[in-house]
Amino acid sequence: MADQHCSICAKTKEEVKILLKAGDFHICDECVKFAGQLLEEQEAEMNKGKPKFSRNFTPADLVRHLDEYVVGQEDAKKVFALAVYNHYKRLDKKNMLKSQVKVKKSNILLIGPTGTGKTLLAQTIAKQLDVPFTIADATSLTEAGYVGDDVETILQRLIMDADGDLEKAKRGIIFIDEIDKIAKRTAGSSITRDVSGEGVQQALLKIIEGTNARVQISGARKTPGSQAEFLDTTDILFICGGAFVGLDKIVETKTSAPISMGFSANVEREKPKKGAKFKPDPESLHEFGLIPEFIGRLPVICTLQELDESALRNILTQPKDAIVKQYQSLLEMEGIELEFEDKALDAIVKLAIENKTGARGLQAIIEEKLRDVMFHAPEWENVEKVIVTEKMITKGAEPKKLVREAA
């Protein structure tokens, strides 16, 4: 019997781990792996610039995915998911061929206190759709020609996240945080230019609506010899977020009804119930300091509510990448089990509420309280389990340590 060998690379059965046979054809495990890699590369090339959305996602699917990472904010998640779904549906050429109507994109404005999940919503949806994503801080932006970042810098970061692929970047998501910080400082005119307020709003108008922007791919904007490319922003989804402190008061004065009427009546407005939702309108946003043209380019408004104790408690343990699970995983790598007492978790939540840092503050608190444990854990040879107690959180006491029993 002739020696069996791979029909592709000609290696014999003795030279490879596995040699598969199909009739007179033979293929070794090495060629199978190589063919698999080529297939993955070919599929990646074919799907270049296409979001995962094209694989039959629905708004409900997006909400279910958000539920795995974002606790609460049910209404906001529905509005947000529907806006994202509609945005990417309009990019599907098959859908567009069926309709003669040109559908404009719906950029999103997220309004809510710090630590309520604005950034997390944007990050989670971008990861699910597998599109380029970048975060920009509006407070660092200034008009072109002034000290600071200009708006083209945001596009440059998006292209970097797309590994320089302009076609892929065109379908990306840009999250601009602290958008409320670029509100006009005063309603009246000023003898000085508001280069970081209204000026930035004006500069953002074109790229948010859609324009063919000139972007420096390498080097800084003013660096000679750097390569410039044009990026069409028409299909880029812009999500803006901000706390908008004081906006609820503006809305309240416009919407609350007087308790009593008449010439001699003491006209007072009925105060909304604690925790009641408020619905910002374009007029209120304009009074806050956003210019009408900028408001018009953010037609979808999601209002996120301040997280209560129950929601913060769930954030610690429920999401797939919950903070507690992250630290348990880190200590598990050292062969140590990490346990949090219920009262310890409650104490962490109370500290976050006192600090008014929302969900963002939870990790900072745990990081501080577990710093010594994480520092010394690699040196512990016989510690099997560490228990975080309430006193450890509130008074800085030592954690409980269970020693591994001798064999």
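Biologist: Why is Gln-73 called buried?

Modeller: Its relative accessible area is 10%. Buried means under 20%, exposed means over 50%, and partly exposed is in between, using a 1.4 Å probe and protein chains only. Since 10% is under 20%, Gln-73 is buried. This is a predicted model, in which local features need pLDDT of at least 70 and side-chain atom pairs count only at pLDDT 80 or more, while totals for chains, interfaces and linings use all residues. Residues are numbered from 1 along each chain as its sequence is written, and side-chain values use heavy atoms, with hydrogens and water left out.

Biologist: What is noted about the phi of Gln-73?

Modeller: Phi is near 55 degrees, which is positive, and the residue is not glycine. Most residues other than glycine have a negative phi. Gln-73 lies in the loop between H2 and H3. Helices (H or I, at least four residues) and strands (E, at least two) are DSSP runs, numbered from the N terminus. The chain has 17 helices and twelve strands.

Biologist: What makes H2 and H3 oblique?

Modeller: Helix H2 (residues 59-67) and helix H3 (residues 74-89) pack at about 130 degrees, with axes 9 Å apart. Axes are lines fitted to C-alpha atoms, for helices over the stretch in contact, and angles run from 0 to 180 degrees between N-to-C directions. Under 35 degrees counts as roughly parallel, over 145 as roughly antiparallel, 65 to 115 as roughly perpendicular, and the rest as oblique. The angle of about 130 degrees falls in the rest, so H2 is oblique to H3.

Biologist: Which residues of H2 make the contact with H3?

Modeller: Pro-59, Leu-62, Val-63, Leu-66 and Asp-67 of H2 take part, and the residues of H3 include Phe-80 and Tyr-85. Contact means heavy atoms within 4.5 Å. The contact residues comprise nine nonpolar, no polar and four charged. Here Ala, Val, Leu, Ile, Met, Phe, Trp, Tyr, Cys and Pro count as nonpolar, Asp, Glu, Lys and Arg as charged, and the others, Gly among them, as polar. Asp-67 touches Glu-74 and Lys-77, leaving aside residues up to four places away in sequence. Asp-67 is partly exposed, at 37% relative accessible area.

Biologist: How do you know that H13 and H15 are roughly parallel?

Modeller: Helix H13 (residues 323-332) and helix H15 (residues 358-369) pack at about 30 degrees, with axes 10 Å apart. That angle is under 35 degrees, so the pair is roughly parallel. In their contact, Ile-323, Gln-326 and Tyr-327 of H13 meet Ala-359, Leu-362, Gln-363, Ile-366 and Glu-367 of H15.

Biologist: What makes Cys-31 and Cys-302 buried?

Modeller: Cys-31 has 13% relative accessibility, and Cys-302 has a relative accessible area of 1%. Both values are under 20%, so both residues are buried. In the chain, buried residues make up 39% of the 407 residues.
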